[in-house]
Amino acid sequence: SFRLLPLIAMLSTAPAMRAEEKLELPEILADESGRKAENAAEWREKVRPRTLDLFREHVYGRSPLQDPSLAEWKITALHDAPSGLKVSDGDYRFTGPGGEGRIKVRIVLPASAEKPVPFFLLINNRSPVLADLGTAQGFWPAEAIAKRGYGTAIFHIADVDPDKAEGFKDGVHAIFDRGKRKPDSWGTIAAWSWGASRIVSVLRESPGIDPERIAVVGHSRGGKAALWCGAQDERVGLTISNESGCTGAALSRRIHGETIADINKSFPHWFCENYKRYDGKEAELPVDQHQLIGLLAPRLTYVASAAEDDWADPEGEFLACVHATPAYRIFDLPGLTGETMPEVGGHLHEGRIGYHIRPGKHDLTAEDWGLFMDFADRHWKR
Ligand code: GTR
């Protein structure tokens with residue numbers, strides 16, 4: 001058994017090393033001609049728009065509109081809340097050629113704030129009843145968030161687009177899509193991102209909320225939507241991906257955990273039709289997910305992993321942050337401040353990209369939220 005040890009050691013590290021060795025990622029600073037941007041102005045003008053367009057064309061699809069011209073926001077209820085909290089519900093209603101839609105939002109604010117508060121908007125991909133205060137301790141610990149001086153709101157993904165592969169006959173697709181679907185028509189993840197951006201529009205106009213300090217948070221499929229929302233919508237000051245994994249924060253080219261072929265098979269409605277061309281052909285995809293995180297630069301970003309969440313590839317999520325960092329450096333700002341993955345339970349909070357890996361399974365927990373707020377305290381409250 002003594003002799004076997006070195007072999008076992010080799011075997012246990014081999015997959016990760018092999019993936020890392022093979023990792024040839026698209027150049028994050030390159031413009032269409034392959035030339036690297038040398039300063040922030042060049043990056044903004046030549047790299048960012050092109051990268052966005054590549055993600056639209058090949059991955060998430062193109063959303064047909066931003067704020068609908070026919071839309072209204074109304075507070076529908078003010079609740080009796082635990083002391084120190086103000087809790088209200090509102091409806092965001094909108095109309096398109098195919099009918100009407102409604103996104104229900106619950107908003108929780110600290111009652112005694114003197115100044116407009118920084119804010120966390122959560123994309124809820126769990127049970128809709130999570131929005132009931134008190135039943136949401138881990139996934140949406142609204143009371144704990146308000147007690148730390150932040151406002152928070154939640155909406156449910158099904159109000160925007162049900163999570164079903166029904167041929168895009170419901171949700172916002174039924175309301176806004178016209179004519180035959182194209183290979184780059186938006187999928188369901190893009191629809192949820194669109195919904196989050198509409199609520200950001202509402203929150204920015206709401207009293208008591210600081211429009212420059214709004215974070216969009218999502219877990220897993222909601223985390224993919226949060227990243228795509230933040231990438232497109234520069235009004236989002238902090239984008240938080242919790243265990244978003246494949247086609248979220250994790251690098252596709254690592255081919256570890258869920259792959260493009262896996263995700264397109266299980267969830268054929270999440271991305272655009274073009275994305276299916278890359279099933280088993282990660283190297284042919286013109287982008288990888290470090291560039292999605294790069295689209296958030298110079299704004300704040302947070303990526304969280306869980307140690308037992310191998311399906312989401314924690315190391316791939318970490319490495320995407322490492323390889324996104326040149327997009328922050330070009331603004332003379334630190335992105336992620338380390339290149340070695342922290343031990344389980346550790347975090348990196350110093351730069352504009354925050355990261356943690358906590359022990360345990362795939363979930364959004366009070367511990368995750370505590371770390372999001374530590375990061376926000378550090379960058380927003382100093
Ligand atoms: C899984 C899916 C992941 C992730 C997760 C979730 O089944 O493979 O990509 O989105 O669901 O949303 O919880």
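Predicted model: local features only at pLDDT ≥ 70, side-chain atom pairs only at ≥ 80, totals over all residues.
I will start with the ligand. Which residues are around the ligand? They are S220, R221, K224, E258, I263, F267, W270, W311 and H362. By type, this shell divides into four nonpolar, two polar and three charged residues.

Some of these residues place a polar side-chain atom by the ligand. For S220, an N or O atom of the side chain is 2.8 Å from an oxygen atom of the ligand. K224 also has a polar side-chain atom 2.8 Å from a ligand oxygen. For W311, the distance from a polar side-chain atom to an oxygen atom of the ligand is 2.9 Å. As for cover, the ligand on its own has 320 Å² of accessible area, and the protein covers 79% of that.

Now to the strand. β8 takes in residues 300-306. Are its residues mostly covered or mostly open? Mostly covered: seven of the seven are buried. Look at the two directions in which the residues point. L300, Y302, A304 and A306 point one way, while T301, V303 and S305 point the other way. Both sets are buried.

Next, the partners of β8. One is strand β7, residues 238-242, which runs parallel to β8 and is joined to it by five bridges. To find this pairing in the structure, look for T239, which stands opposite T301 of β8. Another partner is strand β10, residues 353-358. Here the pairing with β8 is again in the parallel sense, over six bridges.

Key
Residues numbered from 1 in each chain as written. Heavy atoms only, no water. Near = heavy atom within 4 Å. Polar contact = N/O pair within 3.5 Å; in protein donor to acceptor, adjacent residues only side chain to side chain. Areas by Shrake-Rupley, 256 points an atom, 1.4 Å probe, with all protein chains shown as cover. Nonpolar A, V, L, I, M, F, W, Y, C, P; charged D, E, K, R; others polar. Buried < 20%, exposed > 50% of the residue type's maximum accessible area, 1.4 Å probe, protein only. Helix = DSSP H or I, 4+ residues; strand = E, 2+ residues; numbered from the N terminus. Pairing = 2+ DSSP bridges.
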